[in-house]
Amino acid sequence: MTSDPGPGVLTHLESLLRQAPADHGGALWRLQEEGRQLDANIIRLPANAEVAGHVEPDLDVLVQVLDGSGRLETDNGRQDLTPGCTAWLPHGARRSVSAGEDGLVYLTVHRRRPGLSIRSAPVG
């Protein structure tokens with residue numbers, strides 16, 4: 001994963017892809033600016049890898065395909081993913097993502113999760 005370039009600085013996909021081996025999966029880049037309201041990640045799935053079916057209970061997620069190909073499966077069916085595709089995944093919706101033969105690179109954007117906090121025990 002590369003370091004955060006800071007606000008207003010462009011991150012170039014080609015540079016990110018060159019810095020990580022082709023079989024490296026996971027986050028290639030993360031927005032890390034303090035005080036931000038959004039989270040954003042560039043994720044790479046190696047060839048034929050997948051993110052298993054799951055439900056995000058709290059956050060809507062916007063996905064933008066940057067490179068490669070794959071499939072998105074939701075309760076509404078299966079959709080092919082190619083560069084330029086954009087998907088909105090509402091909170092509470094089941095989804096899974098799988099990469100094609102060339103792998104898949106995509107940007108995710110969602111509201112930042114609140115930090116964990118210690119609360120008082122419930123009364124009663």
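Predicted model: local features only at pLDDT ≥ 70, side-chain atom pairs only at ≥ 80, totals over all residues.
Good morning. I shall begin with the overall architecture. The protein contains one helix and seven strands, and along the sequence these follow the order α-β-β-β-β-β-β-β. Of its 124 residues, 31% count as buried. The accessible surface amounts to about 8,200 Å², and carbon and sulfur atoms account for 51% of that area. As to the contacts, if we take those between residues at least 6 apart in sequence, 68% join residues at least 24 apart.

Let me turn to the interior. In soluble globular proteins, nonpolar side chains tend to be buried together. Here, the largest nonpolar core comprises 14 residues. Those with the most contacts inside this core are L45, L72, L81, V97, L104 and Y106. Which strands supply at least two residues each? They are β2, spanning 38–45, β4, spanning 61–74, β6, spanning 86–89, and β7, spanning 94–111. There is also a second, separate core of eight residues, and L16, L28, A40 and I42 are among them.

Setting aside residues up to four places away in sequence, L81 touches V65, G68, S69, G70, R71, L72, V97 and L104. Of these contacts, L72, V97 and L104 have already been named among the residues with the most contacts inside the core.

Is R44 buried or exposed? R44 counts as buried, because its relative accessibility is 8% and the cut-off for burial is under 20%. With residues up to four places away in sequence left out, R44 touches L17, A20, P21, A22, H24, G25, G26, L28, L104 and V105. In this list, L104 belongs to the largest core, while L28 belongs to the second one.

The other arginine is R112, located in the segment after β7. Its relative accessible area is 30%, so R112 is partly exposed. Where does R112 make its contacts beyond neighbours within four places in sequence? R112 is in contact with G35, R36, Q37, L38 and D39. For one of these residues, Q37, the C-alpha to C-alpha distance to R112 is 5.5 Å, although the two are 75 residues apart in sequence.

That concludes my presentation. Thank you for your attention.

Technical notes:
Residues numbered from 1 in each chain as written. Heavy atoms only, no water. Core = buried A, V, L, I, M, F, W, Y, C linked by side-chain atoms within 4.5 Å. Buried < 20%, exposed > 50% of the residue type's maximum accessible area, 1.4 Å probe, protein only. Helix = DSSP H or I, 4+ residues; strand = E, 2+ residues; numbered from the N terminus. Contact = heavy atoms within 4.5 Å. Areas by Shrake-Rupley, 256 points an atom, 1.4 Å probe, with all protein chains shown as cover.
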